[in-house]
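I'm writing down what I look up as I go, starting with strands and ending with helices.

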Amino acid sequence: MTPLQLPEKLGAILLPGCALFPHGALPLHIFEPRYREMLNQAVETDCIFCVGTLTRGEVPDYASCTAEVGTAGLIRASREHEDGHSNLLLHGLCRVRFTEWLPGKSYPYARILPISSEPLEEDQGASEAGRLRDAVEAFLLGLPDDLVSQVRELINRAPDPAIMSDAIAQKFVEDPALRQSLLEELDVSNRIDRVIEHLRILRSGDN
């Protein structure tokens, strides 16, 4: 699935303090009737909907309460319970910009524009990936072996520095504001700088 294959309009679940990175995974419990309808329609079509971050309490004017950048995600697994609630796993596909919120649905429904990280110069990719990999290895020193193996496997699956930075952010960045800011950061070098600094802070225990 590439950004060019995304529908022009998608439903969106709006959540406070929640940002999903491309290639990351987000477990969701769907129980609101409007989102149950959204899920049913997604399953019947392309199995894709978006995650948007609420910037304040939700109001009918979604543009005024939702971050402009979110993530389109693919339903990897979904289990519906007898009461109609569902548990699912959403896999992040790509960043999207919500360009227009549209009427006519019980759930948030938007016109979207896929957005990509800014491409690095040809000779930058390996050095930026190496820089982040070195920072991750320094962060992992002394941590449990199972976690070290898990993280190494994660970065080995994502040699591209843009994907790697998102994968590390998905796993280690918990602060909602920082997660959203990193999601909106399209300059890969800047994103790596900020992820490295966050790992340093975590390692040192600074606040």
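This is a predicted model: local features need pLDDT of at least 70, side-chain atom pairs count only at pLDDT 80 or more; totals for chains, interfaces and linings use all residues.

Started at the hairpin of β4 and β5: there are five residues between the strands, and G84 takes a positive phi near 90 degrees. For the labels I used DSSP runs, numbered from the N terminus: helices are H or I with at least four residues, strands are E with at least two.

Residues are numbered from 1 along each chain as its sequence is written, and side-chain values use heavy atoms, with hydrogens and water left out.

**Strands**

How many bridges pair β4 with β5? I found eleven, in the antiparallel sense, with β4 covering residues 69-80 and β5 residues 86-101. Two strands pair here if DSSP finds at least two bridges between them. E80 stands opposite S86 in β5.

On to β3 (residues 48-54), which pairs with β4 over four bridges, again antiparallel. I48 has L74 in β4 as its bridge partner.

Next I followed β5 to β6: six bridges join them, and they run antiparallel. R97 is opposite L113 in β6. Strand β6 (residues 109-115) is also joined to β1 (residues 9-16), by three bridges and running antiparallel. There, G11 has Y109 of β6 as its bridge partner.

**Rings**

Y109 turned up again: K105 lies over its ring face, 5.1 Å from the ring centre. A charge counts as over a ring if NZ of Lys or CZ of Arg is within 6 Å of the ring centre and within 35 degrees of the ring normal.

Which residues do ring pairs link into a cluster? I noted Y62, F98 and W101. Rings of Phe, Tyr and Trp (its six-membered ring) pair if their centres lie within 6.5 Å, and the count comes to four aromatic pairs.

**Helices**

Last stop, helix packing. The axes of α2 (residues 125-140) and α3 (residues 145-156) come within 11 Å and cross at roughly 175 degrees. Axes are lines fitted to C-alpha atoms, for helices over the stretch in contact, and angles run from 0 to 180 degrees between N-to-C directions. That crossing makes α2 roughly antiparallel to α3 (the cut-off is over 145 degrees). R133, V136, E137 and L140 of α2 touch V148, V151, R152, I155 and N156 of α3, where contact means heavy atoms within 4.5 Å.

Then α3 and α4 (residues 161-172): their axes are 9 Å apart and the angle is about 150 degrees. These two are therefore roughly antiparallel as well. From α3, L147, Q150, V151, L154 and I155 meet M164, A167, I168, K171 and F172 of α4.

Technical notes: Angles under 35 degrees count as roughly parallel, over 145 as roughly antiparallel, 65 to 115 as roughly perpendicular and the rest as oblique. Rings of Phe, Tyr and Trp (its six-membered ring) pair if their centres lie within 6.5 Å; planes under 30 degrees apart count as stacked, over 60 as edge-to-face and the rest as tilted.
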